[in-house]
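Here's a walk through a model, chain by chain. Keep the viewer open while you read.

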Amino acid sequence: MSNSASSSPRLPSASNTPKPKAKAPKSEKPAKQAPKNAGPGKAAKVNNASKGGAASSSSTPAAKKISPLFAHLEEREYPATTAQAPSGVHPCVRSLGLQFAELKICGSTARCLAMLNAFKQVIEDYQTPSQTTLCRHLPTYLSIQISYLVSMRPMAVTMGNAIRFLKYHISILDIDLPESDAKGQLIEKIDEFIRDRITAADRLIVQYGLQKIQDGDVVLTYACSSIVKTLLIAAHQAGIQFRVIVIDSRPLLEGLKLLRDLATAGLACTYAYINSISSTMKEATKVFLGTHAVLANGALFSRAGTALVAMTAHRRNIPVIVFSEIYKFTERVQLDSVVMNELGDPHDLAAHKDGSPIDPAASLTNWKSVNNLNLLTLMYDVTPTEYLSMAITEVGMIPFTSVPVVLREYRL
Amino acid sequence: MAHEEFSIYQSYQEFLQSDPDMSMPVAAVQSLVEFIRQSQASTMSEFVVMVRDAAQVLKSSARNSVSLAAGCDLFMQAVTRMADANVEECRQNLINRGTKFVEKAASCRESIAELGEPFIRDDSTILVHSYSRVVMTLLLRAAAHNRRFRVYVTEARPINSGYRTAAQLRQAGIPCTVVLDCAVGYIMEEVDFVLVGAEGVVENGGLINQIGSYQISIVAKAARKPFYAVAESYKFVRLFPLNQFDLPTHTAQILSFDSPQSVASPSPSLSDTNSMELDGAALDLAKTNPEVDYTPPSFITLLFTDLGVLTPSGVSDELIKLYY
Amino acid sequence: MVKDVNFLVEDLVAKLKRRQITGSYTIALETAKLLRQIISVTRWSTAGALIDRIKQEGCRLVAAQPKDVVVANIVRRVLHIIREVYTENRDAVDEDDGTILAAAPVAPQALLQPQQPSFSIHSSMFPLLGDHADLPADYTRPVHNLKSEIIQEIQEYIEELENMYSNVSSQAMDHIHSNEVIMTCGYSKTVESFLKFAAKKRKFKVIVAECAPTFQGHQTALALTAAGIDTTVIPDASVFAMMARVNKVILGTSAILANGGLIALSGTQTMVEAAKHHSIPVIVCAGLFKLSPVFPFDEESLSTEVSPDSVLDFTKGHFISEVEVINPFSSYVDPSFIDLFITNLGGHPPSYLYRLLNENYDAEDTYLLKS
């Protein structure tokens, strides 16, 4: 309640398009350029500001108060709509935002790629207004796109790093360059980023990763990491005899996607929910994880449940290997999972995706009308660095204590 | 004293040697019974003092007295409880009880083996330290009941008693490999659990055993493997060591930084340990090194005893009840 | 008569097999009542004969649900009661007759072992001092009034069972302070009554993990909110993240093993490990009848695997035929992660459980099916 009340005074400002919108990106820009100073408070503020827009359309249906324990986390409206998108948002960004919100495009790499591809389109279609220059105006225009995306779902660390890269290259453009050349150069830079930071990086990571799978291994993985999937399929194709245990968790059940792809590729797979991890871990010889982000204190910021998997493995002396491109590394530091996180759709806990109740005997489908009852889903958790054995990146196999070193040496 | 010709320590040694299966506390009780049999005392208090002195002599004659002391203390406890009876009855009673104890002691190991057997699962890999009669009883019983398992046994330098374990296990058809004492960390990943015997089980459930047990327990804990100790309840002893240097077996000579010559004075006896023949250098090392170490209870998962399978906290309970 | 008993036993066996009675409390109560009836209606002359009979019927019941420890616990407890009553009464007879047990001519055992209840052979020290253990356990002497005494004792035990929930939950005030955040998982009637009792006087919040695929957590949430407790349901994956805000973890269990380990709903082990990481105390609430004298020899054999359909069913696609799906209902929980047990007798540290075992069961009954 307090959340929506505090945001309602912002409503006029959200509909009052260009000027205040230009402000929001400004407050965000320094946050991205000097992330060391970007405390959680600041990020939350940005989220709240953009949330004002989201709340304006649907007139808060039977607003369920979130537990005060998590009042600092942003609540979003479900189901998501694009109705309140500001007029300046490019159509392809508008549909992308919806895909983000509905988790149709999910995963930090997929989201970053989709955003960069959309931005290529945005830049192509962009025309510098008269009386200003591209270098000066394009960042503002992009910021409108970005804050819209953020309003649909909080930004992934990968996206932030890519945006920083893009904005930097806009800022160093030669001011006298003709517009079409400048746009061409920027699109080229984006392609370069995708190639160097993602495609080529993944190829290297898979090469390193193949050294760490041997015949007879039982690899346990959690949820769905695209790089882990690529690696496991590559290892299978290389003729290595191993087995995979896919651990999954509700409500997202992302592991199912991974399981389908692995099983279709002919890998021997075992599937279980995360609650069985204490018994399934006994069979595993290695744990392979992907991640959303790698924090500067050597912790992982990854899909909720990752910490449980890593902890369980660590307690049984099973090595935990994390696969991550270094564009997922961030200067941010975080010790617990509560201070900064993203809330999922609480209704997913009460009903299956098709709307059928989960437990007919004790159905929570009417949870909004049950007094004292709250449903809460955190999207991420922070895995402490002591549970992680090794990071495999495109710059090699490194210990997690070296995350700050990589951040220093390979600044984007 | 009327029985000066009787040497309690010699009697003790004879009992130990006459029966290779006899453990030190049992031999101690038997020699004390023998002492009582030959003793003459007119008053009860004289009698008690005599027995106490004999026990003291016995304890101080052996270099490593922990296990022996457990037997002596147990017997002394029986003696003090008889204090108000008449001397002759008391003597006879103690002789009866002591003899019965010795008879029953042998069956102790069998009942431990019975309790411990279910812990030995098929296809398990067990790490055993040095040589322990009660551990052997357990393993051989499990093998006789067609359990299939493999055993790593530590060499247990300098007395090299691990080879004796290995030989006996192989004879029983149990796959067995001797590992260096310093290779324990290496093989621990392969091990399902650790099994050690005991010279003494102390008040807090900790363990006094052949040197090396403590470090094995630390490795086991680090690798999160169960560490089981097997001990007859007559090895429970009212001792509460705080650390290694608080053990009654610790002397200033052990691993001191003095020049080796100055500590070369022979210690009372090394033969207690059922040791194999030692060469000169190993003998020197053995003289300056501790024979036993203390494993704190936090490193022990469970104790298999004839009283049942106990958590370390259960030991104190038994000791408190016994010496109440 | 005998036919009647047979019929009653068969009836309970069938119910257990078909899982017509579930919930360890109900099973415990039914078993205790059946055993009481067996004792009262069957013909037996000595305690030894009765023990054999109870063992025999007990084995049939245990075999109906071999993984469930409760039936066996009740059988063991009843056997213990029979032995206890017999020994007490037999000794009383001895004293009346003025005959002292033959093997202790000089020092009566009472003098030597004043604190020792004479029946607990296995809890006494190796008998250098006592003579009693030398006596073979002998339950053949006829004892006056034995039947009615035994039945009275069992009746008391049944009453103890019936008061179990209130005896556990009445301790809640000692453990829950105001404004606490408590985490639990799955559903346990004991935990529910414990929290509800505390909620009468204290304000606190409960976070409950849903425990897919059984979703027992949903049941807990509805039960607690109905009692006015502020409850938040979370997915199992969020347990580690949410633990940072929790003060205490309070759990139920299916069984407590002799080393203090649990057999509990799948996911419990993960939750207690997460609690350990955050140094959050873990409390286990359970009736004492769940305490089993069996050690976890083989952790794998302790987890109960159930049909994988609720995790992954065949409608998800043809690829599933190639996939092995694991769905343990319950599994082993290591005792090193538990700080306190709260039973109907009070609060106990895990290190003291051995004592409760000694007080409630006889070691010779540990392996019922073997004998």
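## Before you start

This is a predicted model, where local features need pLDDT of at least 70, side-chain atom pairs count only at pLDDT 80 or more, and totals for chains, interfaces and linings use all residues. Residues are numbered from 1 along each chain as its sequence is written, while chains are lettered from A and ligands numbered from 1 in the order in which they are written.

## Chains A and B at a glance

Chain A comes to 15 helices and 11 strands. Helices here are DSSP runs of H or I with at least four residues, strands are E runs of at least two, and both are numbered from the N terminus. Of its 412 residues, 45% count as buried. Buried means that 20 or more other C-beta atoms lie within 10 Å of a residue's own; exposed means 12 or fewer, partly exposed is in between, and C-beta atoms are placed from the backbone. Among the contacts in chain A with a separation of 6 or more, 79% are between residues 24 or more positions apart. Two residues are in contact if their C-beta atoms, placed from the backbone, lie within 7 Å.

Chain B has 11 helices and 10 strands. In chain B, 46% of the 324 residues are buried. For contacts in chain B with a separation of 6 or more, residues 24 or more positions apart account for 78%.

## A helix pair in chain B

Take a look at helix 3 (residues 44-61) and helix 4 (residues 66-81) of chain B: their axes come within 10 Å and cross at roughly 175°. That makes helix 3 of chain B roughly antiparallel to helix 4 of chain B. Axes are lines fitted to C-alpha atoms, for helices over the stretch in contact, and angles run from 0 to 180 degrees between N-to-C directions. Angles over 145 degrees count as roughly antiparallel, under 35 as roughly parallel, 65 to 115 as roughly perpendicular, and the rest as oblique.

Which residues meet? On the helix 3 side of chain B you'll find B:Val48, B:Val51, B:Arg52, B:Ala55, B:Leu58 and B:Lys59, and they meet residues of helix 4 of chain B including B:Leu68, B:Cys72, B:Phe75 and B:Met76. By class, this contact of helix 3 with helix 4 of chain B has 10 nonpolar, one polar and two charged residues. Nonpolar covers Ala, Val, Leu, Ile, Met, Phe, Trp, Tyr, Cys and Pro; charged covers Asp, Glu, Lys and Arg; the others, Gly among them, are polar.

## Two domains in chain B

Chain B is assigned domain 1 (8-106) and domain 2 (112-322), with bounds from an automatic or database domain assignment. The C-alpha centres of domain 1 and domain 2 of chain B lie 26 Å apart. Their contact takes 18 residues from domain 1 of chain B and 20 residues from domain 2 of chain B.

On the side of domain 1 of chain B that touches domain 2 of chain B, helix 2 (24-38) and helix 4 of chain B each supply at least two residues. Helix 4 of chain B gives the most, with eight residues. That side of domain 1 of chain B has eight nonpolar, seven polar and three charged residues.

## Two domains in chain C

Chain C is assigned domain 1 (2-162) and domain 2 (167-365). The contact takes 20 residues from domain 1 of chain C and 18 residues from domain 2 of chain C. Helix 2 (24-41), helix 4 (69-97) and helix 6 (146-162) of chain C each give two or more residues to the side of domain 1 that touches domain 2. The largest share, 10 residues, comes from helix 4 of chain C.

## A sheet in chain C

Chain C has an open sheet of four strands in the order 5-6-10-8, with antiparallel pairing. Strand 5 (255-256) and strand 8 (304-305) of chain C stand at the edges, each with a single partner strand, so one side of each has no neighbour in the sheet. Strands pair if DSSP finds at least two bridges between them. Two bridges join strand 8 of chain C to strand 10 of chain C, and C:Thr304 stands opposite C:Ser330 in strand 10 of chain C.

## Where chain C meets chain A

Here, 49 residues of chain C are in contact with 48 residues of chain A. The chain C side divides into 24 nonpolar, 16 polar and nine charged residues. Strand 8 (residues 373-375) of chain A pairs with strand 3 of chain C in the parallel sense over three bridges. A:Leu375 stands opposite C:Val233 in strand 3 of chain C.
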